Amino acid sequence: MKPAILSYGERARLHKSPAAKALLEVIERKKSNLCVSVDVTKQADFLKVIDVVGPYACLIKTHVDIIEDFDPSLIKNLQDLSVKHDFLIFEDRKFADIGNTVALQYSSGVHKIASWSHITNAHPVPGPSIITGLASVGKPLGRGLLLLAEMSTKGSLATGSYTEEAVRMARAHDDFVIGFIAQRRMEDVGLLENAGESEEDFLILTPGVGLDSKGDSMGQQYRTPEQVVLESGCDVIIVGRGIYGKSDNVDVQAVQSQAERYRTAGWEAYQKRISHKS
Ligand code: 5BU
């Protein structure tokens, strides 16, 4: 059966990747397919936003390299919040180098991403060696990788045969690749005719989600949770500024009510989707 018509819980039971299983389980448990992207630059704001949105999110997405006052205690605090509120962590690192370099960037340096981030992502542009490089670090830790098959920005080059090759690369490494950053489901992408019914279950995590705006002045494009989850069959909505607003002035009440609003919109779109099954 196609993943888009199965429940998250059914998919969790069938999935063989520990990272994908854990994400599907938390989605089902919390009835939330909302990933909050916390793109703020001060530790205190970062932790404050996460503490407020944590109860509504299945996943918190980070760009740890934008934190100006980073020190290792931030990671401990983030992990404590992940346990307190029951969410997974996704460092949106977008690796894009040769296998040896990405393995070092993933394991080492100041941030030691592999030691705390359940999920990370990579551009397929270097070819399959980027997956083997990252898997050499992440697979023994039970981590999962998303490939960037598409992007949400105007004029993205990740289309057509590039997207198809990303899907083929993932299929050849499905012991570590758990899904895609994409704008729609990928089951039918790049399949040869008569390929038959596929058993694959790649998760689709989708940025570029907003209820009140169609985009920003720097090429971002937004679609609604209903368009993303119901019409395009994606699994997780990724929302940043739509929830935390202006990063230099965190309004706790507003952040909480937006998180609640997006969580409800994402979950209702999913419920409509699976009620259309058969
Ligand atoms: P926003 O504030 O909801 O626009 O933030 C979106 C986040 O998702 C931000 O962290 C981006 O780096 C990230 N993103 C994206 O917007 N579009 C993409 O195609 C990819 C990532 Br890949």
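A polar contact is a pair of N or O atoms within 3.5 Å. The exercises below apply this cut-off to a predicted model.

**Exercise 1. Identify which residues are closest to the ligand, and state how the surrounding shell divides by class.**

Solution. 
1. The ligand is surrounded by 16 residues.
2. The closest are Asp39, Lys61, Ser152, Gln220 and Tyr222.
3. Sorted by class, the shell comprises 6 nonpolar, 5 polar and 5 charged residues.

**Exercise 2. Determine how far the polar side-chain atoms of serine 37, glutamine 220 and tyrosine 222 lie from an oxygen atom of the ligand, and how much of the ligand the protein buries.**

Solution. 
1. For serine 37, a polar side-chain atom is 3.1 Å from a ligand oxygen atom.
2. For glutamine 220, an N or O atom of the side chain lies 2.7 Å from an oxygen atom of the ligand.
3. For tyrosine 222, the corresponding distance from a polar side-chain atom to a ligand oxygen is 2.6 Å.
4. The ligand taken alone exposes 490 Å², of which the protein buries 90%.

**Exercise 3. Locate lysine 61 in the secondary structure, decide whether lysine 61 is buried or exposed, and name side chains with which its own side chain makes polar contacts.**

Solution. 
1. Lysine 61 belongs to strand β2, which spans residues 59-62.
2. Buried means under 20% relative accessible area.
3. Lysine 61 has 5% relative accessibility and therefore counts as buried.
4. Its side chain makes a polar contact of 3.4 Å with the side chain of histidine 63.
5. The side chains of lysine 61 and aspartate 92 are joined by a polar contact of 2.6 Å.

Key. Residues are numbered from 1 along each chain as its sequence is written. This is a predicted model: local features need pLDDT of at least 70, side-chain atom pairs count only at pLDDT 80 or more; totals for chains, interfaces and linings use all residues. Side-chain values use heavy atoms; hydrogens and water are left out. A residue is near a molecule or strand if one of its heavy atoms lies within 4 Å of it. A polar contact is a pair of N or O atoms within 3.5 Å; within protein, one must be able to donate a hydrogen and the other to accept it, and residues adjacent in sequence count only if both atoms are side-chain atoms. Accessible areas come from the Shrake-Rupley method with a 1.4 Å probe; for residues, only the protein chains shown count as cover. Ala, Val, Leu, Ile, Met, Phe, Trp, Tyr, Cys and Pro count as nonpolar, Asp, Glu, Lys and Arg as charged, and the others, Gly among them, as polar. Helices (H or I, at least four residues) and strands (E, at least two) are DSSP runs, numbered from the N terminus. Buried means under 20% relative accessible area, exposed over 50%, partly exposed in between (1.4 Å probe, protein chains only).
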